Amino acid sequence: MSLNGIKVVEFAGLAPGPFAGLVLAHNGASVIRIDRPSSTTKDLLCAGKRSIALDMKTASGLRVAKDLIAKADILIDPFRPGVLEKLGLGPEVFHTIDEREGLNDRLVYARLAGFPRNSMHSAMAGHDINYIALSGILSMLPGTMDKPTFPLNLIADFAGGGLLCANGILLAMIERGKSGRGQVVNVDMVSGSRYISSFPLLNAGSGALGGPRGTNSLDGGAPFYDVYTCSDGKWMSVGCLEPQFFAQFIAKFNEVMNSGGKQGSWSPSRSTQSTKEDWPKLRKYLEDGFRTQPRDFWTEVFHGTDACAVPVLSPTEAAQLHGSLHPMPHPELSRTPPSPLQDEIKTLDPGKHTADILRELGLSEEDMRQLVTEGALGKEARELERPKSKL
């Protein structure tokens with residue numbers, strides 16, 4: 001795979017950090033997650049990773065973490081700005097600065113924060129909804145007339161956070177191949193959300209997004225770009241923006257209405273799409289029409305056409321369609337394809353690989369017992385203090 005031989009240290013976190021590590025692991029990187037002892041993480045973004053449990057409040061636990069990072073190619077820091085610096089694990093420790101030699105100048109040090117590091121919000125707690133709120137994009141998203149709604153935690157956590165973090169890491173790795181040096185990759189989810197939302201933000205107030213929220217083609221205003229409820233309570237997606245696609249869609253839809261004797265006193269034509277005053281009537285026509293038949297009926301009507309109308313699948317239905325419960329790694333590479341790494345959904349027990357990872361660092365059994373005595377591996381390891389015990 002593309003990243004075979006690349007060593008990654010990922011401090012345990014939520015959503016964006018684990019996803020960045022997962023992207024790297026799917027493509028062959030060896031990812032070690034540093035967990036807190038007694039952690040009860042339910043992170044499912046852990047395929048192919050290993051875990052070591054370290055108490056960073058102990059000098060010896062901190063020393064092991066520093067040794068791991070000193071031998072790694074990539075570090076993923078998911079904490080608020082300054083946390084690792086206070087622990088003595090900031091970029092200045094590993095990178096060579098001026099004449100002071102760092103411990104690992106080849107390290108790509110990826111820092112993943114919520115708010116911009118130098119902003120007035122940098123020390124505050126936040127989540128995806130807060131980051132997209134400050135990015136400007138939340139105010140443009142569909143919803144009710146009273147307020148916009150949010151698309152789970154996809155925009156900031158995963159697109160603007162984890163995925164852009166992985167992208168930045170790979171860019172830094174490419175540059176390292178030229179210079180031989182690592183660098184800091186700064187990612188924050190407000191800026192990341194703005195970047196992946198470039199199209200709507202640059203078009204705000206003009207073109208397809210020129211009107212108030214909820215009146216435009218892409219924000220729920222257009223009846224030909226929306227989701228409709230069918231007679232069985234399931235949904236169909238309609239996205240026929242282009243005139244030629246709308247023409248196919250409305251011809252098929254009208255055909256069903258005519259055959260069922262449900263045409264009514266008004267029916268749309270292909271020109272209705274460009275007549276905005278008719279959009280409310282068109283929406284009502286489509287809402288009533290879709291409710292006359294179940295979703296799978298409409299699926300058959302539009303399948304194989306350019307009407308841009310397909311069913312909204314549940315997670316279970318989508319898994320059946322794609323042949324896997326796991327979303328498969330993407331994109332696909334022709335010579336060095338990624339690997340799904342596991343065929344079942346499961347968590348990674350914190351500290352599961354502690355002993356193996358310590359041995360790989362060159363620690364002896366006696367060294368590991370000493371770490372236990374010093375509390376570096378957490379209270380759970382106390383019973384391993386006895387000389388004959390094995391980790």
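Predicted model: local features only at pLDDT ≥ 70, side-chain atom pairs only at ≥ 80, totals over all residues.
Trainee: Is Ala15 buried or exposed?
Mentor: Ala15 is found in the loop between β1 (7-11) and α1, and its phi is near 60 degrees, a positive value in a residue other than glycine. Its relative accessible area is 17%, and because buried means under 20%, Ala15 counts as buried.

Trainee: How many of the 11 residues of helix α1 are buried?
Mentor: Helix α1 spans residues 16-26 and is largely enclosed by the rest of the structure. Its buried residues include Pro16, Leu22 and His26, and just after α1, Gly28 takes a positive phi of about 105 degrees. The number of buried residues in α1 is 10.

Trainee: Which word describes how α5 is placed relative to α6?
Mentor: The axes of helix α5 (residues 128-135) and helix α6 (residues 154-179) come within 7 Å and cross at roughly 80 degrees. Since angles of 65 to 115 degrees count as roughly perpendicular, the placement of α5 relative to α6 is roughly perpendicular.

Trainee: What is the relative accessible area of Ser38?
Mentor: Ser38 sits in the loop between β2 and β3, where it has a positive phi of about 70 degrees although it is not a glycine. Ser38 is classed as exposed, a term for residues over 50%, and its relative accessible area is 54%.

Notes:
Residues numbered from 1 in each chain as written. Heavy atoms only, no water. Axes fitted to C-alpha atoms, helices over the stretch in contact; angles between N-to-C directions. Helix = DSSP H or I, 4+ residues; strand = E, 2+ residues; numbered from the N terminus. Parallel < 35°, antiparallel > 145°, perpendicular 65-115°, else oblique. Buried < 20%, exposed > 50% of the residue type's maximum accessible area, 1.4 Å probe, protein only.
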